[in-house]
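Trainee: Could you take me through one part of this model closely, and tell me what is packed against what there? I would like the terms spelled out as you go.

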Amino acid sequence: MANTHIHHVFEYTDVDRAFWQEHLEGWLPRRIIDAHVHIADPALQHTPPTPEQRRQFWVGEAAEPITGDGLQRASEICYPGREMSFVAFGSVDLSWDIDGTNEYTASQCRQRGWSGLAVLRPEWTQAQLLGQLAQRGIIGVKPYYSMIRGDDGTHEGSIQASIFEFLPHHLLEVLNDRRAWVTLHVPKAERLGHPDNIREVREIRRRYPLIHLVLAHLGRCYTLEHAQEGLLPLADDEGLYFDNSAVMNPDVHRLALEVIGPRRLLYGTDNPIFYMRGRRQYAGRSYINRTSYPFHFNRDREAPEIEASYTLYLYEDLLAVKQACEKLGLARQDVEDVFYNNAKRLIDASNPRPSR
Ligand SMILES: [Zn+2]
């Protein structure tokens, strides 16, 4: 069959159709909530990156903002016959009009029955946060270290920041009071296992127990070493959730299912980035992204016949989750919890608007 354009430079091909039939059609649940996607109206980016800026990090080149319409369309191509819903948020980057992107997220989610998170600015007052949470369609927030701004207005976002620099206590109080959903991308080069992250996550859970706290990307643990350091110390907290977006590593998915368990894991993709074609390979604490598109970051290519067999990252990731579930002998109910029920329960419990 002819290729179908998915998004950006990525197409849906016969390789993907065959992969879906062989591995996913008979296994993937009918109802799916993808708890980690980014949507945006490109008109809201006031200073789009230059080509040079886009080449500084692989995600800059491989990810192109996607609208709500685009996401809906891409999902119909990639998840045939599935009923999809999303927890969606904007781009976490100060080159965007953040208030505008949050309004866009809210309106898209209202229209489509999805759930939205407002990208959080740490300098907001409590009243400003309440204003954001008052928008129908919004169930919580997405803080990110790139939102930290210096006193002189300059960008000071740093991966080495403390969580409380970009998710400050005066806003945590409001989020706790409103029982809001918070998807937290932890900082630090060492990922979730850094002692400051473990201590600060525990502090948030102790002081703000009504927040529905979801650690993104299993705490950014993409290798088994990082996952052992990050997941084991927090595994016994029954109220702490994780999304498994962008993880892709079958060993990490298996460890998470074993120690966190299928009741506290949420399926996610981090799309639009996972429409990329290729596979990921691991060596200790590092990994390499293999892909077939001639991006500037893509210098270390595999043989053409191997590249021709690449499918979407999205599908490689789903196969990795499937393999982990099968290895552990999980029940159908467990799989449906990860792909739908857990997120649904959390969405229903996250209602930041006061009822009257
Ligand atoms: Zn993300």
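Mentor: Two residues are in contact, or touch, if their C-beta atoms, placed from the backbone, lie within 7 Å. The model is a predicted one, in which local features need pLDDT of at least 70 and side-chain atom pairs count only at pLDDT 80 or more, while totals for chains, interfaces and linings use all residues. Residues are numbered from 1 along each chain as its sequence is written.

Let us begin with V338, which lies in helix 15 (residues 332-349); helices here are DSSP runs of H or I with at least four residues, numbered from the N terminus. Leaving aside residues up to four places away in sequence, V338 touches P262, L265 and Y267. V338 counts as buried because 26 C-beta neighbours lie inside 10 Å, the scale being that a residue is buried if 20 or more other C-beta atoms lie within 10 Å of its own, exposed if 12 or fewer, and partly exposed in between. From V338 to H7, which is 331 residues away along the chain, the C-alpha separation is 26 Å.

Next comes the pair formed by helix 12 (residues 250-259) and helix 14, whose axes come within 8 Å and cross at roughly 50°; such axes are lines fitted to C-alpha atoms, for helices over the stretch in contact, with angles running from 0 to 180 degrees between N-to-C directions. The two helices are therefore oblique to each other, given that angles under 35 degrees count as roughly parallel, over 145 as roughly antiparallel, 65 to 115 as roughly perpendicular and the rest as oblique. Helix 12 passes helix 14 in a right-handed crossing, that is, with the near helix turned clockwise from the far one by less than a right angle. On the side of helix 12 the contact is made by P250, H253, R254 and L257, and on the side of helix 14 by A320, V321, Q323, A324, C325 and K327. Sorted by class, this contact holds six nonpolar, two polar and two charged residues, where Ala, Val, Leu, Ile, Met, Phe, Trp, Tyr, Cys and Pro count as nonpolar, Asp, Glu, Lys and Arg as charged, and the others, Gly among them, as polar.

Of its 97 residues, V182, V214, L218 and A256 touch the most other members, and helix 14 (residues 313-327) gives the largest share, seven residues.

Notes:
Core = buried A, V, L, I, M, F, W, Y, C linked by C-beta atoms within 7 Å.
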